[in-house]
Amino acid sequence: MLEITEGSHAVAEAVRLCRPQVISAYPITPQTHIVEALADMVANCQLDAEYITVENELSALSACVGASAAGSRVYSATTSQGLALMFEVCFNAAGMRLPIVMTIANRALGAPLSIWNDQQDSISLRDSGWLQFYAEDNQEATDLHFIAYKVCEDHSVLLPAMICFDGFILSHVYEPVDMLSQEDVDRYLPAFTPYQRLDAADPISFGMYATPEYYHEFRYEIDNAAKRAKEVIKKAGKEFNTLFGRDYSAMVEGYRLDDAETAIVAMGSICGTIKDAIDEMREEGMKVGLLKIRVFRPFPSEEIAQALSRAKHIAVLDKNISLGAKGALAMEVRDALYGSTIPVKGYVIGLGGRDVRKKDIKEIVSLAQKGANDQFYGLRREVL
Amino acid sequence: MALAIGCRAKPGKSRDNKTGSWRVFKPVFDKEKCTKCGLCMTLCPEGCIHQTDEEFVEPDYTYCKGCGICAEECPGEGIAMQQEEK
Amino acid sequence: MVDKTLELFDCGHRACGGCGAALAARLVMKGAGKNTIVVSATGCMEVFSTPYPETAWKVPWIHSLFENASAVASGVEASLKKQGRSEKIVILAGDGATFDIGMICISGAFERGHDFTYICYDNEAYMNTGIQRSGATPYDASTTTSPAGSCSFGNKRPKKDMPQIIAAHGAPYVATASIAYPADLMQKVEKAINTKGPCYIQVHAPCCTGWGFESEQTIAIAKLAIETGLWVNYEMVDGKVGKVKKVVKKPVEEYLTTQKRFRHLFKPKRQDAEIAAIQAMADKNAEKYGIEIKLKKE
């Protein structure tokens, strides 16, 4: 059913429909509206879940670890400083192969302290073993939750997943969202069947330690699981399309890319702005296109190389910076294109909530076409 | 054996580790002095002392580390620690 | 009634011979029984019992990280509640995990009132990493991060009163126990398991490797700690102290001279002022809890 709703509320409703048994909640701007909406649902008997108001984010994810290991479908949400605080639990959850789903309302990391959007927080956890999905709009943000649970809980994957959607830009914005019904979701996402669980009738020790004889191989297996997720994502996305008419089978999506001479590569809500700018540039005869990355982990290397093979210039936009090096997406796209002679430029844009406008996209295209080096785009020289 | 997902294991495998090889001293149990109080069974950190059919006690030397707690605590002084010849 | 003949903590674990914590694990599991899920913090007990694939645990067991056992247990509890399951939850954590790094998670979990039993095996330092001081390390104990030396008498701070902190959270049952009194320990565990809400038991578990004594002395030293008043065994039901273990009180010196971690108080020179300070702490405990059996004068 189509509704105009705030991004956070759409996400909360999607989570409710997934029937989580245990939710752990801690407030942090700009995800707080999600956990508030869920609390409301629990208080009004619309959601039959145990709702734990934890005392910090590390505990939020730790509670999810415990509940998932005990056999429940679980949920939490965080961002920025909160995600950073649960850093070690993130690695732990993935290593323990627990299918936890968590929404990240992307926000910049301090210092300096910022509550506004960029993607540094989730990008900085790209090594953790979590699957990472990036939503362009609130429809994607909503749908990706159903898909994430289905993919994570698949016994050939068994990894946690982050659904990333830009803080404020998506979380606090009202957009039309076509919300599935409970019957729809029940049809698509069956009840959680844990691969193993904590159970006195069949005791297992979870989270043992691994000596050098085994650790290397455990990490190899987790990496394999992340790579196996590609096929599972394809399958889950295709099934979603068959049932509901929205196709999430591709990890990357081209927009007017087929004959583009300049290709922009980006993730998240910025793609909406880019698409509008591309339409305007196309009116003026410029052959520009977009490659949107919807799944960042596992990284769709082959898909990216294939999609960008015909471009003459590539401009990768990063709402993050690996300080002392480059934007993460630019470095990984370059790696995917290793051996190709197509120039790939990386532009760091929109950190800490700096607005990205259509004219910025057009200017970046121009920079890429001129072969301008990797740089921070749009610096306010007057304050430097 | 294939690696267990998530570094997990079912009970039982700790018994593959025969900690009896750690011993320098070995507890020797004197049936004459044993009052069958069961204190040694309770206090053994390995839990390797068990009752025999006659309700006397006997350690499982496969696992006994020779710590000496049983000998020290036995109220009847019925356990002696002897250096083991290997 | 729990079947106390069951061995739910198996042989083959890698604890030092004579380990107080290993005995504590065995006895706790006898008090808890088969229908238990154990949530463990990182530390000696976790490390000596679970090198993959050799687990010594015959009940379901989970270890996540150092500080978060209480939070993980909160999640397990919520899940069991939702599923309508009956298993009891026991948290096993050392003093480092409890008094220090785990404080935030513990405070939150106790404040929320989850139904579990938290057992701290207290060997009075971070033993697994090689004997560093924790908030539970007694005054003047020498550890590698509070070493005795030419200008130091060792740990400068008294032991944190963790049971009182837990009681202040409104825990329905808080107790201290010792491996020296196994029947008392098992009874307290059984009581805590059957008390609804978050319960706490702090178990004194002397460490021969860390404290510096011969392995066969573990129980004797645990007894001396109680007999000198440096450790008090008691219960708090809804915050009210009771069932204090009474003793014929011995001077602290009888305890201190048994362990290398206090040797610097006697050699090369006897440190009367320090020994007196420790005696004063023991005397304060004695008075506060009423531990002394006063023998009638002939």
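Two residues are taken to be in contact if their C-beta atoms, placed from the backbone, lie within 7 Å. The structure described here is a predicted model.

On this criterion, C:Ser70, C:Ala71, C:Ala73 and C:Ser74 of helix H3 of chain C meet C:Cys105, C:Ile106, C:Gly108, C:Ala109 and C:Arg112 of helix H5 of chain C. By class, five of the residues in this contact between H3(C) and H5(C) are nonpolar, three are polar and one is charged. Helix H3(C) covers residues 69–83 and helix H5(C) residues 103–112; their axes come within 7 Å and cross at roughly 35°.

The chain that holds this helix pair, chain C, contains 11 helices and 10 strands. Its radius of gyration is 19 Å, close to the 19 Å that the globule rule gives for 298 residues, so chain C is as compact as a globular protein of that length. Taken along the principal axes, the box filled by the C-alpha atoms of chain C is roughly 60 × 45 × 35 Å. Of the 298 residues in chain C, 60% are buried. Among the contacts in chain C with a separation of 6 or more, 69% are accounted for by residues 24 or more positions apart.

Chain C touches chain A through a contact that takes 38 residues from chain C and 36 residues from chain A. On the side of chain A, the elements giving two or more residues are strand E2 (22–25), strand E3 (50–53), helix H3 (57–69), helix H5 (87–95) and strand E9 (205–206). Helix H3(A) provides the largest share of this side, nine residues. The residues of chain A that touch chain C comprise 20 nonpolar, 12 polar and four charged. Strand pairing also links these two chains: E9(A) and strand E2 of chain C (residues 61–63) run parallel and are joined by two bridges. Within this pairing, A:Phe206 has C:Ile62 in E2(C) as its bridge partner.

Chain C also touches chain B. This contact takes 28 residues from chain C and 27 residues from chain B. On the side of chain C, helix H1 (20–32) and helix H9 (218–228) each supply at least two residues. The class composition of this side of chain C is 13 nonpolar, eight polar and seven charged residues.

Methods. Residues numbered from 1 in each chain as written. Chains lettered and ligands numbered in written order. Predicted model: local features only at pLDDT ≥ 70, side-chain atom pairs only at ≥ 80, totals over all residues. Helix = DSSP H or I, 4+ residues; strand = E, 2+ residues; numbered from the N terminus. Nonpolar A, V, L, I, M, F, W, Y, C, P; charged D, E, K, R; others polar. Axes fitted to C-alpha atoms, helices over the stretch in contact; angles between N-to-C directions. Rg over C-alpha atoms; globule rule 2.2 N^0.38 Å. Buried ≥ 20, exposed ≤ 12 C-beta atoms within 10 Å, placed from the backbone. Pairing = 2+ DSSP bridges.
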